Amino acid sequence: KLEYYDRIEKAFRKLEEFRDLGKIQYYGISSNTFPISKNDYTHTSLEIVIEISCKIQKELGLEKSGFGIIQFTANLYETGFINHGLLDIAKKNNLYTLINRPLNAFTKNRGMVRLHR
């Protein structure tokens with residue numbers, strides 16, 4: 001798991017270089033594993049990602065981090081984002097939120113379910 005977060009840190013550092021060059025204004029992470037149980041091996045911890053962002057911001061002496069957007073799964077079946085307080089964490093840290101799969105869901109029993117036809 002440590003290598004996973006090391007890679008995120010390296011990517012964030014590179015993206016901050018792009019910000020410094022004026023090529024991008026913000027960047028973010030899309031992860032279907034933000035809203036799953038913290039005990040699950042594949043879980044991506046938004047708290048750790050924010051810590052990485054803050055560490056880089058401090059080290060580079062930035063007024064504001066470029067990490068500004070998260071995307072996660074949210075629909076009628078996949079509601080883990082509510083249980084894990086993703087919206088509250090995002091709001092507290094001034095992160096914009098985007099959802100993916102709003103009209104499709106993956107369930108254990110039925111596989112992929114279309115929520116709209």
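Which residues line the second largest pocket?

**Before selecting anything**

The model is a predicted one, in which local features need pLDDT of at least 70 and side-chain atom pairs count only at pLDDT 80 or more, while totals for chains, interfaces and linings use all residues. Residues are numbered from 1 along each chain as its sequence is written, and side-chain values use heavy atoms, with hydrogens and water left out.

**The whole chain**

Start with a cartoon view, in which the chain shows four helices and five strands, where helices (H or I, at least four residues) and strands (E, at least two) are DSSP runs numbered from the N terminus. Their order along the sequence is α-β-α-β-α-α-β-β-β, and the C-alpha atoms fill a box of roughly 50 × 30 × 25 Å along the principal axes. Of the 117 residues in the chain, 35% are buried; buried means under 20% relative accessible area, exposed over 50%, and partly exposed in between, with a 1.4 Å probe and protein chains only. Among contacts with a separation of 6 or more, 68% are between residues 24 or more positions apart, a contact being heavy atoms within 4.5 Å.

**The nonpolar core**

Next, select Phe12, Leu46, Phe67 and Ile70, which have the most contacts inside the largest nonpolar core, a group of 20 residues. Such a core is a set of buried Ala, Val, Leu, Ile, Met, Phe, Trp, Tyr and Cys residues joined through side-chain atoms within 4.5 Å. The elements that give two or more residues to this core are α1 (2–20), β1 (27–30), α2 (46–60), β2 (67–73) and α4 (86–92), and the largest share, five residues, comes from α2. Centre the view on isoleucine 70 and, setting aside residues up to four places away in sequence, you will find that Ile70 touches Ile29, Phe34, Leu46, Ala90, Leu95, Tyr96, Thr97 and Leu98.

**A loop residue**

Now move to tyrosine 26, in the loop between α1 and β1, which has a relative accessible area of 43% and is therefore partly exposed. Apart from neighbours within four places in sequence, tyrosine 26 is in contact with Lys64, Gly66 and Ile69. The C-alpha atoms of tyrosine 26 and isoleucine 69 are 7.6 Å apart, although the two residues are 43 apart in sequence.

**The salt bridges**

Side chains of opposite charge can pair when their charged atoms come close. The structure holds seven salt bridges, each being a side-chain nitrogen of Lys or Arg within 4 Å of a carboxyl oxygen of Asp or Glu. Select arginine 13 and glutamate 59, whose side chains meet in a salt bridge at 2.4 Å, N to O. Arginine 13 lies in helix α1 and glutamate 59 in helix α2, so the pair ties together parts that are 46 residues apart in sequence. Both ends are partly exposed, arginine 13 at 27% relative accessibility and glutamate 59 at 48%.

Then show glutamate 17 and lysine 14, whose side chains form a salt bridge at 3.3 Å, N to O. These two residues both lie in helix α1, three residues apart, which is about one turn of the helix. A further pair to display is glutamate 47 with lysine 38, where the closest N and O atoms of the salt bridge are 3.4 Å apart. Glutamate 47 is partly exposed, with a relative accessible area of 30%. Finally, select Glu9, Arg13, Lys55 and Glu59 together, as salt bridges that share partners join these residues into one network.

**The pockets**

Turn to the largest pocket, with a volume of about 280 Å³. On a 1 Å grid over the protein atoms alone, a pocket is an open set of points where a 1.4 Å probe fits, with protein on both sides within 12 Å along at least five of seven lines, and lining residues have an atom within 4 Å of a point. Grid points are joined across faces, edges and corners, and a volume is the space filled by probe spheres set on the points. Of the 14 lining residues, Asn32, Ile36, Glu78, Arg101 and Phe106 are the closest to the centre of the largest pocket, and α3 (80–83) and β4 (104–107) each supply at least two residues of the lining.

The last stop is the second largest pocket, which holds about 160 Å³ of space and is lined by Ile50, Ser53, Cys54, Gln57, Lys64, Ser65, Phe67, Asn93, Asn94 and Leu95. Helix α2 gives the most to this lining, with four residues.
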